[in-house]
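Here is a short briefing on one part of a structure. It covers domains, a sheet and a helix pair.

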Amino acid sequence: MSWHLTHDQLHRYATHTADDVTAMSAEAHLTHCTHCRDRLPTDEAWLEHSWANLLDVVDRPRPSPLERLLGTLGLREGTAKLLAATPALYRAWLVAMVIVLATTLILAHEIPRGTLLFSFTVPVIPLAGVALAYGRGVDPAHSLASVTPWAGPRLLLLRTCAVLAPALTLCTVASALMPSVATAYEAVFWLLPALAMVAGCLILGRWLHLSVAGGVIGGGWLLLMAMFALMEGADPFQLFSPLAQAGWATALALLAAIVALRMRTA
Amino acid sequence: MTTTADPTGLTGGVRARGLVRTYGTRRALSGIDLDLGPGVTGLLGRNGAGKTTLLRCLATDLEATLGELSVLGLDPERSGERTAIRRRLGYLPQNPSFYPHFTAFGLLDYMAVLKERGGRRERHEEVRRALRGVDLYDRRHTRIRRLSGGMRQRLGLAAALLGDPRLLLLDEPTIGLDPEQRIRFRDLVSELAVHSTVLLSTHQIEDVAALCRRVLVLDQGRMIFDGAPAELVARARGRVWEQGARPPAGVTSWRLADGRYRVLGPAESDVPDAVDRVPVEPSLEDAYLLLTGSVPR
């Protein structure tokens, strides 16, 4: 190399005050000239920061497809990670949910009381998912996670949302395929009781293991169904009548308020 | 349960007064009084003595039934303060379990999110630091199901170390660790204990002897000893000896590799018919066994 950058040129290049032509010329020269590269002032902090960034890009684990999907939907990286880490049981529950919905839907089309069976099974499905989404015994890493700042109602609510999103979607799709359903309103006849039961489960979870709380609420629902089925003159479908829906809506509003209050104080 | 402001000024530690925890009608902890400050404290006791229950109460995982408790100067019963405690808490539970399909890095990254640790790059840097601390960095991308038991134990320890904890509660941390890893563990914990409070529950008495300047002994939910290891050993002086003949039934003893018997007893003179009796300096283990009376014949 027959020429070298002056001190002033180097300084202006390093401080980003050189004009475009000078900066490009200096950069081309520095690519080939070790003498000038050695004279270039080094910013240790910048180097360290850049190296850490580079290391993180190279070394960080590849996000799971679900994490990437949740990120695409606009969720924060940390939240997507927490949702994607929902226990393996959650995936087993998804499969079980599809099987139960498909089976009861087929029965609804094929046997005389199949519609009744479907109508009383669907509201329990989101409840079952929530009951199995959090707690000792269902979450392998619960003993580690239970003493972190996220543990408790915050994580429970996040996982409840993770469970409800697919459950409500699949239940709505399955209900729309029922033989007697003609309108969108009829396809969500189960929604208010299902949400009220989920809210009830979250509240009971304050005192009971969540899966036990889910069992208690689900048992109560079955008992209610059996009472209406066995009582003379009573029709189990009255539990989905407009009047009953108003009752479910009121119950849901009350229970949701308690859940919200608990979230604020927990 | 009520909690008072911390009068001892142990802002980095623990203060308990009359702590009681019951399971149904069974009392797992019966009126525990405890002050812990920076340094390593060993917690010894038989299975079922209440060690894990005590650790879980201090870790905000269990609520005490009665008594006063202050952790890091905060009240674990108040939700906001409980969350603040958890931000500065490291807890390694007994036999921790993990998501087996996660990698070591992925699990710690998940735990770091749960511990609200900074942005992604800072969090990842902390995860790498924790993995290096337990010598698992080279295994960072290995799925947990492929890690050995000892490696999983170290991974649990790394999870506890995330977040620069001011209070570190370790329940049987050295189970499954080989001697080299145990030395490394001791070194790591000693360094942390300069500024943090460490409570180490273990059956490995040599870890307590090597690490702790204070030892607590629980028995049936009660604190039966709280003092320096040397103080516990001093209590056993004159009550440990070796002899050639098997001592009579009712005296705690075990056969040594050279065929002689190591005998622990109320007093040397209380054991008749001893042949070649040689008094020996008691170990911390001897002292602990004498205190709890838990030697198998």
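In which sense, left-handed or right-handed, does H8(B) pass H9(B) in their crossing? The crossing is left-handed. The model is predicted. The points below take the domains of chain B, then the sheet, then the helix pair.

**Domains**

- Chain B is divided into two parts: domain 1 covers 14-231, and domain 2 covers 238-280.
- The centres of domain 1 and domain 2 of chain B, taken over C-alpha atoms, are separated by 38 Å.

**Sheet**

- Four strands of chain B make an open sheet in the order E11-E12-E10-E13, and the pairing is antiparallel.
- Its edge strands are E11 (252-255) and E13 (278-279) of chain B, each of which pairs on one side only.
- In general, strands of a sheet pair through backbone hydrogen bonds, either parallel or antiparallel.

**Strand pair E10 and E12**

- Strand E10 of chain B spans residues 240-243, and strand E12 of chain B spans residues 261-264.
- Their pairing is antiparallel and runs over 4 bridges.
- Trp241(B) has Val263(B) in E12(B) as its bridge partner.
- Opposite Glu242(B) stands Arg262(B), also in E12(B).
- In a regular strand, side chains alternate between the two faces of the sheet.

**Strand pair E11 and E12**

- E11(B) pairs with E12(B) in the antiparallel sense, over 4 bridges.
- Arg255(B) stands opposite Tyr261(B) of E12(B).
- The two strands E11(B) and E12(B) form a hairpin, with 5 residues between them.
- Gly259(B) lies in the turn and has a positive phi of about 90°.

**Helix pair H8 and H9**

- Helix H8 of chain B takes in residues 229-236, and helix H9 of chain B takes in residues 284-292.
- Their axes come within 8 Å and cross at roughly 70°.
- Angles of 65 to 115 degrees count as roughly perpendicular, so H8(B) is roughly perpendicular to H9(B).
- H8(B) passes H9(B) in a left-handed crossing.
- On the H8(B) side, the contact is made by Pro229(B), Leu232(B), Val233(B), Arg235(B) and Ala236(B).
- On the H9(B) side, the contact is made by Leu284(B), Asp286(B), Ala287(B), Tyr288(B), Leu290(B) and Leu291(B).
- The residues of this contact divide into 9 nonpolar, no polar and 2 charged.

Technical notes: Residues are numbered from 1 along each chain as its sequence is written. Chains are lettered from A and ligands numbered from 1 in the order in which they are written. This is a predicted model: local features need pLDDT of at least 70, side-chain atom pairs count only at pLDDT 80 or more; totals for chains, interfaces and linings use all residues. Domain bounds come from an automatic or database domain assignment. Two strands pair if DSSP finds at least two bridges between them. Axes are lines fitted to C-alpha atoms, for helices over the stretch in contact, and angles run from 0 to 180 degrees between N-to-C directions. Angles under 35 degrees count as roughly parallel, over 145 as roughly antiparallel, 65 to 115 as roughly perpendicular and the rest as oblique. A crossing is left-handed if the near helix is turned anticlockwise from the far one by less than a right angle, and right-handed if clockwise. Two residues are in contact if their C-beta atoms, placed from the backbone, lie within 7 Å. Ala, Val, Leu, Ile, Met, Phe, Trp, Tyr, Cys and Pro count as nonpolar, Asp, Glu, Lys and Arg as charged, and the others, Gly among them, as polar.
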